[in-house]
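I opened this notebook to record what I looked up in one structure. The entries follow the order in which I worked.

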Amino acid sequence: RSRGGSSGDDVRRLDPRPVRWAVNTHQHFDHVFGNIAFDDAQIHAHDNAAAGIDAAADRVKGLCRAEDPRDPLNRAVIETPLRHPDTTFSAARALDIGDRHVELSYHGRGHTDGDILVRVPDADVVFAGDLVEESAPPNFGADSFPLDWPGALEQLLGVVSSGTTVVPGHGRPVDLAFVQQQRRDVGAVAATITDLFRSGVPIDEALAHGEWPWDPTLLGDAVRRGYAQLGS
């Protein structure tokens, strides 16, 4: 929910017609808790996102309880009921929404294991979820896959042209050049983690080594997740 009302209210200000379709680009609370606002909509998500919603919700609710359960925003998160997706898919799905077709596609793990792209071909728009972020550096969380993320962005670049508008999970719409730069930066994170691991740098010293594209304090989970994947 937004500070000014529900996500449903925000949509109705743009168009009063009932919302019949909604898509969860992945399983994080800020992308699925709004499902309860769309009672009449059919909600779509990737198989992994649907399977991971409960665990992701429990994790963020636990963080809110530990921080301050009396805080109004924390309390709102803690008390939000879950509505799970109505239908899921493993690789791709096409939605016929009447006056246009919308394409949903999965291109591998990245920000989570359930990230999907939502492409509107006739408008040349791609909704990238949190595979792309504009308002801050991409979030490498405790359920991210930093070594796989560059590959998912490479797949995204395969459907983006110079005229495509890419809508990130957070921030303002971006263009091809922005996605290309974020692909390079995410790739640099993956390459640095791999080099440090193979060089025998201890995990607790990794952030102090290498040239990171963003503040190293933001990349603790990225290093832990990458080292775990390489070690396995």
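Which residues of the largest nonpolar core touch the most other members? I noted first that the model is predicted. I then found that this core has 28 residues, and that Phe-140, Leu-156 and Val-189 touch the most other members.

**Entry on the core.** I looked up which elements give two or more residues to this core, and I listed strand S7 (125-133), helix H5 (149-157), helix H6 (176-198) and helix H7 (220-231). The largest share, 6 residues, comes from H6.

**Entry on Phe-140.** I then looked up its contacts, leaving out residues up to four places away in sequence. Among the residues that Phe-140 touches are Pro-146, Trp-149, Val-186, Val-189, Trp-214 and Leu-218.

**Entry on aromatic rings.** How many aromatic pairs does the structure hold? I recorded 4 aromatic pairs. In one of them, the ring centres of Phe-140 and Trp-149 are 4.7 Å apart and the planes stand at 50°, so I described the pair as tilted. Trp-149 is buried, with a relative accessible area of 0%. I also noted that Phe-140, Trp-149 and Trp-214 form one aromatic cluster.

I next examined Phe-197 and Tyr-227, which form an edge-to-face pair with 5.3 Å from centre to centre and 85° between the planes. Phe-197 lies in helix H6 and Tyr-227 in helix H7, so this pair ties together parts that are 30 residues apart in sequence. Phe-197 is partly exposed, with a relative accessible area of 29%, whereas Tyr-227 is buried, at 9%.

**Entry on a charge over a ring.** Where does the charged end of Arg-225 sit? I found it over the ring of Phe-145, 4.7 Å from the ring centre.

**Entry on the strands.** I turned to strand S4 (residues 92-96) and strand S5 (residues 101-106), which run antiparallel and are joined by 5 bridges. Within this pairing, Asp-96 has His-101 in S5 as its bridge partner. S4 and S5 form a hairpin with 4 residues between them. I noted that Gly-98, in the turn, has a positive phi of about 105°.

Which strand does S5 join through 4 bridges? I identified strand S6 (residues 116-120), which runs antiparallel to S5. Here I recorded Arg-119 in S6 as the bridge partner of Glu-103.

How values were computed. Residues numbered from 1 in each chain as written. Predicted model: local features only at pLDDT ≥ 70, side-chain atom pairs only at ≥ 80, totals over all residues. Heavy atoms only, no water. Core = buried A, V, L, I, M, F, W, Y, C linked by side-chain atoms within 4.5 Å. Buried < 20%, exposed > 50% of the residue type's maximum accessible area, 1.4 Å probe, protein only. Contact = heavy atoms within 4.5 Å. Pairing = 2+ DSSP bridges. Phe/Tyr/Trp six-rings, centres within 6.5 Å; stacked < 30°, edge-to-face > 60°. Lys NZ or Arg CZ within 6 Å of the ring centre and 35° of its normal.
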